Amino acid sequence: MKQLLRLDYTNCLQERVGDQGIERSAIDGAAAHLAEITERLNAARDAGSHRFRSLPVDPLRGEHVAAVRHLAEKLRPQTRNLLVLGIGGSALGTIALQGALKPATYNLMPPEARGGPRLFVLDNVDPNFVGQTLDEIRREDPRLEGTLVTVISKSGETVETAAQFLLVRALLAEALGDDHPRHIVAITDSHRGTMRAICEAEGYATLRVPDGVGGRFSVLSPVGLFPACMCGIDIDALLDGAKAMDERCQEPAADQNPAAMLAWLLIELARRGKDQHVLMPYANALYPLADWFRQLWAESLGKRVDRKGKEVHCGPTPIKALGATDQHSQMQLYCEGPNNKVIGFVDLQTQPRDLKIPAGPEADALAYLQGSTLGDLLAAEKRATEYALVESKRPNFSITLPQLDAHCVGQFIQLWEVTTAFAGELLDINAFDQPAVETGKLATFGLMGREGYEKYRAMVEQKLG
Ligand code: PA5
């Protein structure tokens, strides 16, 4: 029996943070509305219109896992470096899974200890960053024989990924000649987009981004599963965890449904002026998940209009922080600055490893540390920070992962994805589009001279001079 993630929101209640918190009666009062939303979301899920919720269950799951495993098993033995090209939802999930489930020193470990190739994710077009990454791959593999490039773009049109792809494809073609297509795997829409057309023309191996799954909801599709499987992450455990959480998130009773409760608390607190939502893991491994959360929360909930077309300009601002590190950077602001934040802690019930603090030089002021562990210290610091926030009447909550494994990470991912869907309902907005991101993409095409997009260049020049 796998252990379940725990959500503790007591520190958001008035009994802890006084008039800055939520009344228990307000939670009771929201129960019927939340049950109705749950029913609506369950129906959308069952009808397949919230496709991300079908990813951890068959038939979609079986189809993806079989395709991902088949390709990964074929390519892993010959791959020393896996280079992922992608941005936003096509990269953040991979970075988060790798950070959570593989050691921080993964790329520095000997191959037999890693259990997969070194992983590099190019999620920007900063020439210095791209150049340094490519230099490192070519230092280790000058002829690129052991290098596999995975280009990920749902739309197949994203300019950053397209530019990286052209650059990397040219390097592969130069080093490997006619053999270079065997070193490229593309993950893209099954029918549409330039990337799909290129794959067909060049004969790349492909995996598909399923229809109806947006980039930021795609980590549990081949987008995140293929790089994870290549690096030896247990993708079945990941999906089992997501499935278990999805089942909890179908419960009509809000106190049994962590997504309904979390979404309601955060949106209600945002309505009461606390619209800065900090996610603060007390584990370095979980920090990249806070980055993944930022995209999910920001792109899904930051909207100009509601579903009726009324201008609302809504959306909480997601912020990431790391405990205990940011106690020494952000906590002064969180405790004494504007009372406009909700702090969400993420911690581990059991540490994957711990280090005992030994005796040291004679010093009374250090004696209390001896015999404790770094894990004890980290846990005490989190508890002390909760206390400091409660004392300052700052609402906060904790999500506790029983342990650091793929099952728990899968639960965490599904929790936030379903919470986002609930939050969209509570705000009455479309949580699944990103019209403002599209505006910037079109303007970039215009500025870079793409045919057919001249009017966007003209519009930019007219506005900005
Ligand atoms: O979540 C989103 O939709 C976006 O952030 C996309 O993931 C990002 O723009 C990359 O798009 P694509 O996968 O189409 O290249």
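The model is predicted, so local features need pLDDT of at least 70 and side-chain atom pairs count only at pLDDT 80 or more, while totals for chains, interfaces and linings use all residues. Residues are numbered from 1 along each chain as its sequence is written, and side-chain values use heavy atoms, with hydrogens and water left out.

**Helix 15**

Let's start with helix 15, which covers residues 406–427. Helices here are DSSP runs of H or I with at least four residues, strands are runs of E with at least two, and both are numbered from the N terminus. With 22 residues at 1.5 Å each, helix 15 should span 32 Å, and its end C-alpha atoms are 31 Å apart, which agrees. The expected span is 1.5 Å times one less than the number of residues.

How many of the residues of helix 15 are buried? The count is 22 of 22, so to speak a mostly covered helix. Buried means under 20% relative accessible area, exposed means over 50%, and partly exposed is in between, using a 1.4 Å probe and protein chains only.

**Salt bridges**

A search of the whole structure turns up 37 salt bridges. The term needs a side-chain nitrogen of Lys or Arg within 4 Å of a carboxyl oxygen of Asp or Glu. As background, side chains of opposite charge can pair when their charged atoms come close.

| Pair | N to O distance |
|---|---|
| Glu15 and Arg24 | 3.0 Å |
| Glu425 and Arg40 | 2.9 Å |
| Glu425 and Arg307 | 2.8 Å |

Glu425 meets Arg40 in a salt bridge. Glu425 sits in helix 15 and Arg40 in helix 2 (residues 24–46), so this pair ties together parts that are 385 residues apart in sequence. Glu425 counts as buried because its relative accessible area is 12%, whereas Arg40 is partly exposed at 39%.

Glu425 also pairs with Arg307. That link again connects distant parts of the chain: Arg307 is in the loop between strand 8 (303–305) and strand 9 (311–314), 118 residues from Glu425. Arg307 is partly exposed, with a relative accessible area of 45%. Through shared partners, salt bridges join Glu36, Arg40, Arg307, Lys308, Glu425 and Asp428 into one network.

Then there's the pair of Glu15 and Arg24. Glu15 has 52% relative accessibility and therefore counts as exposed, while Arg24, at 47%, counts as partly exposed.

**The ligand**

There are 14 residues around the ligand, and Ser90, Ser153, Ser155, Thr158 and Gln295 come nearest. A residue is near if one of its heavy atoms lies within 4 Å.

What about polar contacts, meaning pairs of N or O atoms within 3.5 Å? A backbone N or O atom of Lys154 lies 2.8 Å from an oxygen atom of the ligand, and Arg216 also brings a backbone N or O atom, at 3.0 Å from a ligand oxygen. Glu299 uses a polar side-chain atom instead, 2.9 Å from an oxygen atom of the ligand. Taken alone, the ligand exposes 380 Å², and the protein buries 91% of that. Areas come from the Shrake-Rupley method with a 1.4 Å probe; for residues, only the protein chains shown count as cover.

Most residues other than glycine have a negative phi, and most peptide bonds are trans. Which residues does a cis peptide bond join, with omega about 10°? They are Asp58 and Pro59, and Pro59 is in the loop between helix 2 and helix 3 (60–75). A cis peptide bond also joins Gly323 and Ala324, with omega about 0°. Ala324 falls in the loop between strand 10 (317–320) and helix 13 (331–336).

His313 is not a glycine, yet its phi is positive, about 40°. His313 belongs to strand 9 and is exposed, with a relative accessible area of 56%. Lys393 has a positive phi too, near 60°. Lys393 lies in the loop between helix 14 and strand 12 (396–401) and is partly exposed at 37%.

Methods
Polar contact = N/O pair within 3.5 Å; in protein donor to acceptor, adjacent residues only side chain to side chain.
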